[in-house]
Each structure stands twice: as structure tokens, then as C-alpha cells.
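Thanks for coming. I will take one model today and go through its parts in turn, so please have a look at it first.

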Amino acid sequence: METITMKQAPDFVGQEVMIDAWLTNKRSSGKIAFLQLRDGTAFFQGIVLKAEVGDELFDQAKHLNQECSLKVRGIIQEDSRSELGYEVLIKDFEVIGDSQDYPITPKEHGTDFLMDHRHLWLRSSRQHAIMQIRNEIIRATYQFFNDRDFIKIDPPILTGSAPEGTTELFKTEYFDEEAYLSQSGQLYMEAAALAFGKVFSFGPTFRAEKSKTRRHLIEFWMMEPEMANYDHQASLALQEEYVAFLVRNVIDHCQLALKRLDRDIATLENYTKTPSPRIEYTDAIQLLQDNGFDDIEWGDDFGSPHETYIANHFDQPVFILNYPKTIKPFYMKINPEDPRTVLCADMIAPEGYGEIIGGSERENDYETMKANIEKFGLDLAAYQWYLDTTKYGSVPHSGFGMGLERCVAWLSGIEHIRETSPFPRLLNRLYP
Ligand code: 4AD
Ligand code: MG
């Protein structure tokens, strides 16, 4: 007899099959028991009828423990009331691994308790939905960039450089040298773009940031494309197309997950429109000041209330363009039209999710780059190799970084970024 996954149920209606599952919950009355089952691909119920399986097995079904693992044999039936539209009429089952006193019960638990039991909390249908959306964003990302002839390049995780500033680094021993966990693969991706034209990376990055907000993780995954012969405008066009593609694919491929999370599809549809609105940094400051924000002036970086106001003003992901050079990293190219600013943009997601993309055109003049490295107090010797990108056949080039978990939180419509990572590293949380 064939062993199938729950997701395959539509192809097996009326047939007897085997399913490997876990018991998430159960209820029973005199002659019928409902087993809520999960197998990693989906959730649905198994029905046990006393008349069908006999007294002994029925009694065993009634006393099964939450989260025990089971091998189930039964007939797939349609069930219009269930999320998936199917159920299994159980003929026989066998307990594979029992589960005594499972700590996460159907009653409400506090966030700290759930985070302490993250390894088990992952089994819930809500976490399943979020991880499906995460998986779809990863899948669609590879599709998007492969379709456009980008090459995936994996930058190192142990590095000697600090592209995003020296204050947020995790230091580690590297034999008799000091090394850092990568904050961003960007500098390596720039070198790779000069080797291969269009490249992207997708991997873990680390920020020793003492931030405890709903948007910050200590370890997060970043997607970083870098394109030779792209000016900043060309990069913006690619970014908006990419984000719209992600939203489209999540809507099309994660319907059950979105429904389970109560995410409104019409709201997401609105985010598939391109081009994305753009506003200059200078105009954004003006917009805020005109609307009662007296806590910000030209030269300041935005806080989350500012970003939320600007994005909600446009009701769509919005690019804020050309920030003051003093609040951005050393590698950004000066804006020739206003040399107080650099050719960069942050894409801010609506609904309070904040910055999901940061990107820029890169400085590609040797003398300017050398002066920038010195001005930012960085060790020139450590950046000598990077300076070569401005020395040997340099071209205008641009790139950006998208935070995977911020994007997952936004498209899932969930309150806090901690649920977007299977095992999030947060301030003061290294376990589980
Ligand atoms: O704006 P950031 O710091 O930009 C860079 O690292 C550039 N080197 C990227 C590049 O141009 N190649 O980070 C990029 C994105 C942010 O927009 C945000 O989505 C995410 O990474 N991010 C974080 N996500 C979760 N937790 C944190 N602490 C994050 N810091 C940045
Ligand atoms: Mg940024």
C-alpha cells in the first residue's frame, strides 16, 4: 500500500493509503473520535469510528497523547469543512513514538514560554504557515535572479572587513588574528560583479546590535544582488520588480498559509503594483515636518515612527532616495546633483514593517574611495583588496540588500520578526 503525504490527498480520494503523522489534538464522543493530524505538508483530521475499528483500537485512539507520532492506514475522503478539503477515515493506526506531557497545550501561553519552547512551538499550524511563506520567498528569489542570468555567489561569513560600520560586529578569534562574523557580503559581491557581471548572494549575516524591537534580529538572512554597469535608476527598477514578484508568488502559492494568518489578500495585491512611489530624503523630511513631526531635521536618520508615517502616506512600498552622506556607509557614490547626499535608496514597507531594502550606487573612483576609507577611520590595509575594484577595469555598479525576515514578517502580516526565523537569535536569547 502506498504511503502518501497529506498534500497528495486530492489525488487519492476513495483510496486506502498510509500516512505518517503527528497528533496535534483530539476529541471524541461515544462512538467517534476526531484526531487532528499533521505531517509537515498539511493539517487535517482522521476519523475513527468504533464500529469500524473495534473496541480496543477505539479505546486506544481516545487515549492517544498530544504530539505522539503515528502510522495511519485509512481511506481519503473529501471534507468541505476542513482547511485542506480532505480527511482520512482511519482503518488502523500504530503509535511510533509516544509523547508524555507535551508542554504546549491547546490553552493560551505567553510569548516567553513559547520562545523557550521554540523547538516545539515550530510544530504549530501558525508557525507552519509562516515558514511556508519564508520558503516561498526563498524559492521565488532564486527563480527571479536565475531567470535574469544572475550567478549566485557565496561571500565568506568569517571576514576581516566591516562594510556597515565597526560598532555592530561580532568578534571572534581567527588563529592569531581577529575576525568578524559578516554584517553584509556586499564588498565581496562588488568584486564578484566585476568578475561575473550580475551576481546575488543569499546567506546569514550578523549584527551585534543591542536593539530590542519588533524589526531586529541579531542573525538574519540577507539577499544581496550586485550588478556591473547598472546605475542607481536601473537598480531601483530591478528592486521594485523583484519585490512585486515576491508578493505575487506569495499570493499565488501560499493561499492556505495567508488564510491561516488572516492576511488580507487585497492588501497584498496592492503591493504588486509597479513602479513603486519614490520620495527624495529632503522631501520626506519636509513631509514629516509639515505633518507635526518636530523631532526630526535635515541630516537626521529616520526612526520607526517616521518610516511608518512615510510608508503609510503612500500605502505601498516606497523608495526614500538620496540620504545625507553622513548617515550612510563609506562605499556609496556622491549624488552629483546634491553632493551633500549619496545615490542610495531605502525601500520602506507599509503597515509599520520598516526598511526591507537598503541599496546604492557604489563609488568607483580610486582616489575618492581611498579618501572615504580613511575618512571613515577604517584600516586601509584591510580594504586594500576592495580598493582593487576601483583600480582594475572599474565600471559604474549598484546593488542592494533585502532582509529576508523583515520581508517574511511584512507579507505574513505578523507583529514581530521573532516568528519569521525558525530559531531566532535575539538580544539575550541564544536558546533553543
Ligand atoms: O541596510 P543594511 O544594513 O544594508 C547593507 O548591509 C548593505 N550592505 C546591503 C547592500 O547594499 N548589499 O541591511 C539591508 C537590509 C535592511 O534593509 C533590512 O531589511 C535588513 O537588511 N536588516 C535587518 N533585518 C533584521 N534584523 C536586523 N538587525 C537587520 N539589519 C538590517
Ligand atoms: Mg539600511
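Let me start with a question: in which loop does Asn 322 lie? Asn 322 lies in the loop between β13 and β14 (344-349). Asn 322 is not a glycine, yet its phi is positive, about 60 degrees. With a relative accessible area of 9%, Asn 322 is buried. By buried I mean under 20% relative accessible area, by exposed over 50%, and by partly exposed in between, using a 1.4 Å probe and protein chains only.

Now the conventions. This is a predicted model, in which local features need pLDDT of at least 70 and side-chain atom pairs count only at pLDDT 80 or more, while totals for chains, interfaces and linings use all residues. Residues are numbered from 1 along each chain as its sequence is written, chains are lettered from A and ligands numbered from 1 in the order in which they are written, and side-chain values use heavy atoms, with hydrogens and water left out.

The overall picture next. The protein has 14 helices and 16 strands. Its C-alpha atoms fill a box of roughly 85 × 55 × 40 Å along the principal axes. Of the 432 residues, 51% are buried. There are two stretches to keep in mind, domain 1 (6-97) and domain 2 (119-419); the bounds come from an automatic or database domain assignment. Their C-alpha centres lie 45 Å apart. Contact between them involves 9 residues of domain 1 and 7 residues of domain 2, where contact means heavy atoms within 4.5 Å.

On to the sheet. It is open, has 8 strands and mixed pairing, and its order is β6-β10-β11-β16-β15-β14-β13-β12. Strands count as paired if DSSP finds at least two bridges between them. At the edges are β6 (151-152) and β12 (278-280), each of which pairs on one side only. Helix α5 (residues 125-147) packs on this sheet and touches β6, β10 (198-206), β11 (219-228) and β16 (397-403). The direction of α5 makes about 155 degrees with that of β10. Axes are lines fitted to C-alpha atoms, for helices over the stretch in contact, and the angles run from 0 to 180 degrees between N-to-C directions.

Glu 280 stands opposite Leu 321 in β13. Helix α10 (residues 281-290) lies across β12 and β13, at about 85 degrees to β12. In the loop between α9 (265-270) and β12 we find Pro 275, and the peptide bond from Thr 274 to Pro 275 is cis, with omega near -5 degrees.

Ala 284, Leu 287 and Leu 288 of α10 make the contact with His 306, Tyr 309, Ile 310 and His 313 of α11. These residues divide into 5 nonpolar, 2 polar and no charged. Nonpolar covers Ala, Val, Leu, Ile, Met, Phe, Trp, Tyr, Cys and Pro, charged covers Asp, Glu, Lys and Arg, and the others, Gly among them, are polar.

Asp 315 is in the loop between α11 and β13. Its phi is near 60 degrees, a positive value in a residue other than glycine. Asp 315 is partly exposed, at 45% relative accessible area.

Tyr 230 sits in the loop between β11 and α7 (232-253). Is Tyr 230 buried or exposed? At 19% relative accessibility, Tyr 230 counts as buried. Leaving out residues up to four places away in sequence, Tyr 230 touches Lys 198, Ser 235, Leu 238, Pro 396, His 397 and Ser 398.

Last, helix α14 (residues 404-412). Here 9 of the 9 residues are buried, so α14 is largely enclosed by the rest of the structure. Among them are Arg 406 and Trp 410. Just after α14, Gly 413 takes a positive phi of about 70 degrees.

Terms used:
Helix = DSSP H or I, 4+ residues; strand = E, 2+ residues; numbered from the N terminus.
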